[in-house]
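Hi,

Here's the structure I said I'd pass on. Have a look at it first, and then read on for what turned up.

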Amino acid sequence: MTSPPLLDLIGLSKSFAGVRALDDVGFAIAKGEVVCLAGENGSGKSTLIKIVAGAQPADAGSIAIDGQVQRRWSPMDAVRAGIQVIFQDFALFPNLSVAENIALNQELSAGHRFINWKAVRAVARRGLERVGVDIPLDQTAETLPVADKQLVAIARALLSDARLIIMDEPTTALTEREVRHLLDIIRRLRDDGVSVLFVSHKLNEVFDVCDKIVVLRNGRRVAAGTAAEFDISSLTRHMTGRDIAAESHRRAAGADARELLRVEGLTKHGAFADIAFSLKAGEVLGITGLLGSGRTQLAKALFGLTPVDGGCIAVDGRPAAIASPQDAIAHGIGYVPEDRLTEGLFLSQPIAANIVVGTVDRHTGGGGLLDRHGLKAEARRWIDKLKVLTPSPDLPVQSLSGGNQQRVVLARWLATNPKILILNGPTVGVDVGSKAEIHAIVAGLADAGIGIIVISDDIPEILGACARILVMRAGRITDEVSGEVSADDLALRLAS
Amino acid sequence: MPSWATRNEVIVALVIVALCVVTALINPSFLSLATLFDMLRNGILIGLLAIGVMLVLISGGIDVSFTAIAAFSMYAATMLLVDLGIGDSLLLAFLISAGIGLSLGMINALFIAGFGLPTLIVTLGTLSAFRGFLLAFVGSDLISNVPPAMRDFSRSMLVRGTDAAGYFYSLPTAVLFLIAAVVITWFILYRTMLGRSIFAVGGSREAAARIGFNVRATQVFVYGYVGVLAGTAGLIHASLARVANPSDIVGLELEVIAAVVLGGARLTGGYGTITGTLLGVTLIVLVNNTLVTLGIPTTWQKVMIGFLILLGTGLPAFQARLRANRMG
Amino acid sequence: MTRLLGGTALGLLSAAGFALVAGTTATPAQAQEYTIPTVVKIDGIQWFNRMREGVDRYAEDTGNNSYQVGPAQADAQLQVQIIEDLIAQNVDAITVVPFSPEALEPVLARARENGIVVVAHEASNIENADWDIEAFQNVDYGAHIMDQLAACMGEEGEYAVFVGGLTSRTHNEWIDGAIARQEEAYPNMTLVGDRNETYDDQQRAYARAQELLRTYPNLRGFQGSASTDVAGIGLALEERGMEDDTCVMGTSLPSISGQYLETGAVDGIFFWDPADAGYVMQELATMVLDGEEIAEGMDLGVPGYNSVTIDGHVIYGQAWVDVTAENMDDYPF
C-alpha cells in the first residue's frame, strides 16, 4: 500500500477578468520527489504557484495534503502544511543580516517578544548547515551575490519545517557554476525527504534534476510523466505547441568574407588584458566565460561604454578610436545589453518610439523638425520584419513579453544599419520558443552580412548561435573552439 | 578604502572633529565645559525629535508633521496646566503633553496604517492641519507665565559650574530625557521583536507581512512613539525657554531630517543607527552654534546644511555605484 | 460675545442693502457723526485688542461710529472681503492695518472711487490711501534705542545687534539707525559680529547669545529687533548669572519679555502703542472728512504725534514707548 502524495492538486481552474489562466490542472507530488513545472511565459505557472502558496484562491478544484482535501487554504495554512515558496525576489530583508533573515521567522513563530542574538545565530547556523553552505552570518543580505541570497532563502524555508519547497525560476540570475551548486542542493534535499517543485524553462536543468515533469501551455496541463519519458524535442514541442526547427542557426564566415573588426592587445586594468580576435562579415562569434571573467567588461569596452587602457580596434581595416557609444555607433557598431529591461529599453514609451530612437537623425528634415510619418513607417517595417507580436506600435514596451521585448531591442539596432552587432546574453530570461526564434533572427542578420558577437555564459545559447567560440578566463582569451564542441566540453573549458 | 571608512558615521564624526579643531583654533575658549553644556542643551529638542524621525525612516516612511505635533502638545498642555490651575506637577505636565503627542501620532497612524496612504502625503497634510488647528482654535498668543512646575524645571540643573569671570555654566536636568530616550529606543530597536519588525518592515514590507509580522501594528507603534517623543520634546522646549510660543518648533523639520539622514538613515527605509543619528544631531547643532565664531554670515548656515544633506544622501548612492561597478 | 453680535449685525446690515444704510446717514440730526471702521490684520490677538481700546476711546471722545473689525485668521483675502463688505455699506472712511499692502491695493482703490476716505497704518509703501500714518521713522527709532543702550552701558564696551531676518526692511532700518547713532555719538562703543539673524525665533536668539558670549567674553550690550529677541538674550544671560553686568534693549512687548524685565536680564523694551495708532488713524480720517488741512508739524492730539513730519502721503510721529520694569504694568499686552 502506498501512502497518499504529499500534495495533490485536483482540477484547479482560475480566471482573471474572463481570461482563463488555469484550466483544470492537476498533478501530485510525493515525498522526496523533485517535480518540474515547465511552460513558456504566460502558460499559467505563476498562477499555479500562487494558488498552491495560498496567495490566491482557485475558482474551482481542490488541494489535498497527505490525502486530506483542504477546506481553507490561506498562506498561513500553506506554511503550516510545510509548503514554502522561494520567490524570484527571495523575499529577503535587504537591510538585515544573514542570520536574522534566516532565523527571524523562527523567533517570530515562537512568539518571542525579546530577541536573543545568540539563539538567532545558532538557528541561522543550523539552517545554513542543512543547505550545506557557509555564508558569513553578519553580512547584510543586500550585499550578498544573487546565488547566496537564494541559499539564504532556502535555508530559511528549511527551518520552517518545509516538506515541499517551490522554487520559481531559481536559476535565471545564476551562473553556470552556481546553477550546478543549486542542483546539487536540490538533490540533497530530495535525499533528506524534502519535495521540490522546480519551475524553469531551461531544459537542460529540467532533465538534470527532475524526477517528474509537468508541462503547462495556455493554462492547461498538456503533458506529465517521468523525466525519462521526455527528451528535449518532445518537451519543447509540448511547451510551444509546435516543432522548433532543429536546424542549426550557427553561421560561420564565408572563405572570402571581408574582415569587419580586428581587435589587438585590448587591455583594461583589472578587467581584461591583451584581447585579440577578428570578426568577419556574416559571422556569429561567441565569447563566453564565467561571471567575473571579463566578458561583460569587454563587451562594454567594444561599444565605448568603458574606456580601455591599451590596445587598438580596427573597423573595416581602418583604425577606429572608440571612446564613447556615439563613436561606436558612428563606426556601425551596435550593442544590445544583457539586462534589456534596465539598459536597453524605455519601458513606459511606445514600441515604435523605442525602435526608431536611434534613427531620429535620419528622419530629421529642414529646420530640425521630425518627419513623423517616416518614423512611423520605419517602426512598422521593423515590427513586421521581426514579428513583434503587438496589436499596436503605440503600446508601451512593457506590455510585451520578454521575447518580444528582445525583438524590439534588436529592431532598434537594425534600424541604425549596423555593420557589427554585439549581443550580450541575448536570450537571458526568454522562454524556449522565443529563444529559438531569436537565434533564427541572429542567423538572419548574419546572412545579411552583419558581423555578430554573442557574449554569454549560457552554454546552450552560445552553442545554439555561434560557429566559433572564444573562451575567457580571468580577463584573457584562453581558448578558441568551434561551435560543434559538446556542451560538457565547453563547460569544462569555462571552469577549469 | 576599507568599508568602515566610507560609512556615514565615520565621515560625520570626522567632519565634527574637523569643525571643532577649526573653531578651537580661531577661538581657544571654544574647548570648554561651557561650550559642551551649551551644545548639549541646544541638542535636546533636535535630538529627541531626531530619534523619532530615525524610527520612521527605518520603518520605510517619512514624517514631517512631528514639529507640528511638538508645538501643538507643548502649547495645549501648557494652556491646560495654566487654565486648570494644575501647574504644580511636572509629571502631570509631561503626561499631558506626551498624551496629546500620542493622540496626534495616532491620527497619522490612522491614515498611514489604517488607510494605507503614503506617509509623506499624510504627514504633509497633518503638519498643516495640526498647526492650523493650533493657531485657529487653541490659541496664537504666547504664554510667558508658564506653570510653576515648568519654570522650576527650567532652573533645575544637573551640573553647575562657575567660570573664571564668576559666571555660571550649567547642564539642565532635561538632558536626562534625551539620555533616557536613547536608552529606551536602543533597547526597543535591538532587543525586542518589535524593534526588529520596524527594521523588517522598512527593509521589505511584503517580506515582513509574508513571515507574519503585523505591519500595521508596527506602523501604529512607530507613529505613536514619534508623537510621544515630540510631545515630550515640546514640553521640554517650552520649559527651558520659559514660554509656550505656538509658532515655535515648526520649521525645524528640515534640520532634524537632515541630522538623521546625515547619520546614515536612508530615505528608502531599513537603515538607521542611534549612533549615527546622534552624530548627525551633533553636527547640525555644531554648525548652528559655531557660525559667529567662524565669522560665517547666518545666511550661509542654510547653504551649509543643504550641503551637508547632499553629502549625507549622496554618499550612500555613490558607494552603491562603486559597489555595482566592482561587481560588474 | 460682543464680536459675535457685531458680526451678525454687520451681516444683517449688508443683507438689508443700500436703502437702510442710506436711510441712516440721511438722518439730519448729527451731520458730523461719521462711520469709520478700523480693519486690522487679525482679530483677537493682544496687539490688536490693545488697538481696539484706542478706537473705542475715539468713539467715546467724538461720538463717531468708530469700531474695529478683523479676520479670524491672518489672511489677506479675508481682509479684502471685509473691506468689500464695508464698501457695500458705504462707510465714510476706512482705516486699515494691511496684512499685505499689495493685496489690498485693488479693493482700496475701489473704496476711494466710491468716495470713501482711506487711512493706513504700517504700510508706508501703499498707494491707494489718502494717508498712511507711521508711529515713527525707523531710523530715528533705532537711534533712540541706541541712546538708551549707550546710557545703560556707560557709553562704552562691546555690543551686538539682532534682527529677525536679514531681509526684514524694518528691522534692518532700526539697526541702521542704531549703528549710525553709535558711530556718531558713542566712540567708545564697539559693534562685534554681524547682524545676528533669529528668524523671529526665541530659541535662536538664545543660542546666538550663548555663542556670542563664548566668542566675545567682553560683550556687554545687546540690541534686539524681533519681539522675541530680547527674551532669548535675557534667558541666556540669566542662566549665566550675568543679568547685572549686561544691558539688553530692543523692540518687544511686556507680555513677551516681562519676566526678564523683572529680573533685570532685559533692561528696556520699546514699541509703539497700538491704542494710540488706532486713535490717530481715526482722528486723521475724521480730519480728512471734515476737509481739514494736514500739514508738517501738526499736533494730532496724541502723545508722540504732537509734531508730525510728512513725506509724500506718509505721516510720521515720534510715538515710541519706553518700557522698563517700573512702568511695564501700564501696558498689559
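In what sense do strand E3 (residues 34-38) of chain A and E9(A) pair, and over how many bridges? They pair in the parallel sense, over 4 bridges. Before you read too much into that, bear in mind that this is a predicted model. One pair to look up there is A:Ala38 and A:Val215, the latter being the bridge partner in E9(A).

On the subject of E9(A), that strand covers residues 212-217 and is also joined to strand E10 (residues 220-226) of chain A, this time antiparallel, by 6 bridges. A:Arg217 sits opposite A:Arg220 of E10(A). The hairpin made by E9(A) and E10(A) has 2 residues between the strands, and A:Asn218 takes a positive phi there, near 50°.

Now put those strands into their sheet. It is an open one of 6 strands in chain A, ordered E6-E7-E8-E3-E9-E10, with mixed pairing. Strand E6 (83-86) and E10 of chain A are the edge strands, each pairing on one side only. If you ignore direction, neighbouring strands of the sheet are turned by 15° against each other on average. Helix H8 (residues 232-240) of chain A lies across E3, E9 and E10 of chain A, and runs at about 30° to E9(A).

Zooming out, chain A is divided into two parts: domain 1 (7-240) and domain 2 (259-495). Their C-alpha centres are 34 Å apart.

Over in chain B, have a look at a helix pair. Helix H4 (residues 90-114) and helix H10 (residues 215-241) of chain B pack at an angle of about 145°, and their axes are 7 Å apart. The crossing of H4(B) past H10(B) is right-handed. As for what lines that contact, the residues divide into 16 nonpolar, 10 polar and 1 charged.

Last stop, the interface between chains B and C. How many residues of chain B are in contact with chain C? There are 29, and they touch 29 residues of chain C. On the chain B side, the elements giving two or more residues are helix H2 (33-58), strand E2 (168-172) and helix H13 (291-294). H2(B) provides the largest share of that side, with 4 residues. By type, the chain B residues touching chain C come out as 12 nonpolar, 13 polar and 4 charged.

Cheers

Technical notes
Residues are numbered from 1 along each chain as its sequence is written. Chains are lettered from A and ligands numbered from 1 in the order in which they are written. This is a predicted model: local features need pLDDT of at least 70, side-chain atom pairs count only at pLDDT 80 or more; totals for chains, interfaces and linings use all residues. Two residues are in contact if their C-beta atoms, placed from the backbone, lie within 7 Å. Ala, Val, Leu, Ile, Met, Phe, Trp, Tyr, Cys and Pro count as nonpolar, Asp, Glu, Lys and Arg as charged, and the others, Gly among them, as polar. Domain bounds come from an automatic or database domain assignment. Two strands pair if DSSP finds at least two bridges between them. Axes are lines fitted to C-alpha atoms, for helices over the stretch in contact, and angles run from 0 to 180 degrees between N-to-C directions. A crossing is left-handed if the near helix is turned anticlockwise from the far one by less than a right angle, and right-handed if clockwise.
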